[in-house]
Amino acid sequence: MKNGIVILIVLFVCQRFVWAGEPNDSVLSASKEVIKTIEKLNSAVGKLKQLTAQIEYTHAQPLFETQTIRTGRIFYIKDTNNSALRINFLTIKQDESNEQNYREDYIFDGRKITKIDYQGKSATTEQVAKEKPIEPFELVQDYFPIIGLSKPDEMTGQFNITALKNTLRLIPKENSKFFKTYKQVEITINPENYLPFDFSAITGEDEKITIKLSQIDTLAVVKKTVFDVNIPADFTQMQK
């Protein structure tokens with residue numbers, strides 16, 4: 001009889017543990033929505049062969065009450081041999097001042113990263129791969145919060161993710177390479193093509209970075225010459 005009572009008690013405790021550990025319907029629904037969105041995002045990125053768009057980069061620093069907006073163009077190409085990405089900033093607007101010309105280039109070719117500062121007449125080139133090239137959208141994440149265009153299926157390893165309609169909210173995990181850089185990143189996805197077009201990040205210093213892509217074109221042919229690096233002879237050059 002005593003054994004029977006013990007078994008009943010154990011079964012009761014175990015059942016309570018199972019009930020307590022079961023996620024509610026809203027958690028299950030959110031998880032399914034995240035997985036569904038990432039799967040569609042992964043499919044769209046996998047099919048991406050070229051892309052051009054207008055880019056608007058906003059950097060707000062609440063502590064100093066300042067805001068800088070840069071605009072320009074972004075180009076991307078992917079083929080069986082290599083991939084390349086170029087961000088070409090052309091204008092800048094600081095706080096209430098008028099917009100003015102401002103040229104700065106970031107070129108990611110899979111093996112090296114080149115930054116050209118036309119105002120400071122300088123260029124920096126960093127070698128990042130000698131043998132197997134690295135996907136440019138993976139490299140760009142170290143400079144800009146353009147997240148989701150490189151291995152979307154691996155985002156769950158770096159972030160805790162929730163979904164709200166067409167927006168993914170990413171909170172970096174403690175073991176994530178983004179943990180010290182960002183407190184939060186939000187990615188808004190176009191429901192028509194499932195490509196992200198709006199990236200909003202809060203940095204570790206509580207600064208806000210917003211990147212908006214508009215006039216996105218994934219059909220127009222992007223010439224490879226767009227990614228040629230032409231550094232003026234009078235620029236200071238540095239190799240890393």
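Predicted model: local features only at pLDDT ≥ 70, side-chain atom pairs only at ≥ 80, totals over all residues.
The largest pocket has a volume of about 210 Å³. Its lining is made up of 14 residues, and those closest to the centre of the pocket are Asn82, Ala84, Asp109, Lys224 and Phe227. Two strands, strand 3 (83-94) and strand 5 (112-117), each supply at least two residues of this lining. Strand 5 gives the most, with three residues. By residue class, the lining of the largest pocket consists of six nonpolar, three polar and five charged residues.

The second largest pocket holds about 160 Å³ of space. Residues that line the second largest pocket include Glu138, Gln141, Ser150, Lys151, Met155, Phe159 and Phe178. This lining divides into four nonpolar, four polar and four charged residues.

The largest nonpolar core has 42 residues. Within this core, the residues with the most contacts are Ile87, Phe144, Ile146, Met155, Leu170 and Ile211. Helix 2 (residues 25-47) gives the most to the core, with five residues. In soluble globular proteins, nonpolar side chains tend to be buried together. When neighbours within four places in sequence are left aside, methionine 155 is in contact with Ile38, Leu41, Ile147, Gly148, Ile161, Leu168, Leu170 and Ile187.

Residues up to four places away in sequence not being counted, phenylalanine 159 touches Ile147, Leu170, Ile171, Pro172, Lys173 and Phe178. One of these contacts, lysine 173, is 14 residues away in sequence, while the C-alpha atoms of phenylalanine 159 and lysine 173 are 5.2 Å apart in space. Ile147 and Leu170 are among the contacts of phenylalanine 159, and they are also among the contacts of methionine 155.

The structure holds ten salt bridges. Side chains of opposite charge can pair when their charged atoms come close. Arginine 103 is partly exposed, with a relative accessible area of 36%, whereas aspartate 105 is buried, at 0% relative accessibility.

A further salt bridge is formed by the side chains of lysine 115 and glutamate 104, at 3.7 Å from N to O. Lysine 115 lies in strand 5 and glutamate 104 in strand 4 (residues 100-108), so this pair ties together parts that are eleven residues apart in sequence. Lysine 115 counts as partly exposed, at 33% relative accessibility, and glutamate 104 counts as buried, at 3%.

The side chains of glutamate 186 and arginine 169 also meet in a salt bridge, with an N to O distance of 2.7 Å. Because glutamate 186 lies in strand 9 (residues 182-189) and arginine 169 in strand 8 (residues 167-172), the pair ties together parts that are 17 residues apart in sequence. Glutamate 186 is partly exposed, with a relative accessible area of 22%. Arginine 169 is likewise partly exposed, with a value of 39%. Salt bridges that share partners join Arg70, Glu104 and Lys115 into one network.

Most residues other than glycine have a negative phi, and most peptide bonds are trans. Aspartate 95 is not a glycine, yet it has a positive phi of about 50 degrees. Aspartate 95 is placed in the loop between strand 3 and strand 4 and counts as partly exposed, at 37% relative accessibility. Aspartate 206 has a positive phi as well, near 65 degrees. The loop that holds aspartate 206 runs between strand 10 (196-203) and strand 11 (208-217). With 44% relative accessibility, aspartate 206 counts as partly exposed.

Conventions
Residues numbered from 1 in each chain as written. Heavy atoms only, no water. 1 Å grid on protein atoms, 1.4 Å probe; cavity = no way out; pocket = protein on both sides within 12 Å on 5 of 7 lines; lining within 4 Å. Points joined across faces, edges and corners; volume = space filled by probe spheres on them. Helix = DSSP H or I, 4+ residues; strand = E, 2+ residues; numbered from the N terminus. Nonpolar A, V, L, I, M, F, W, Y, C, P; charged D, E, K, R; others polar. Core = buried A, V, L, I, M, F, W, Y, C linked by side-chain atoms within 4.5 Å. Buried < 20%, exposed > 50% of the residue type's maximum accessible area, 1.4 Å probe, protein only. Contact = heavy atoms within 4.5 Å. Salt bridge = Lys/Arg side-chain N within 4 Å of Asp/Glu carboxyl O.
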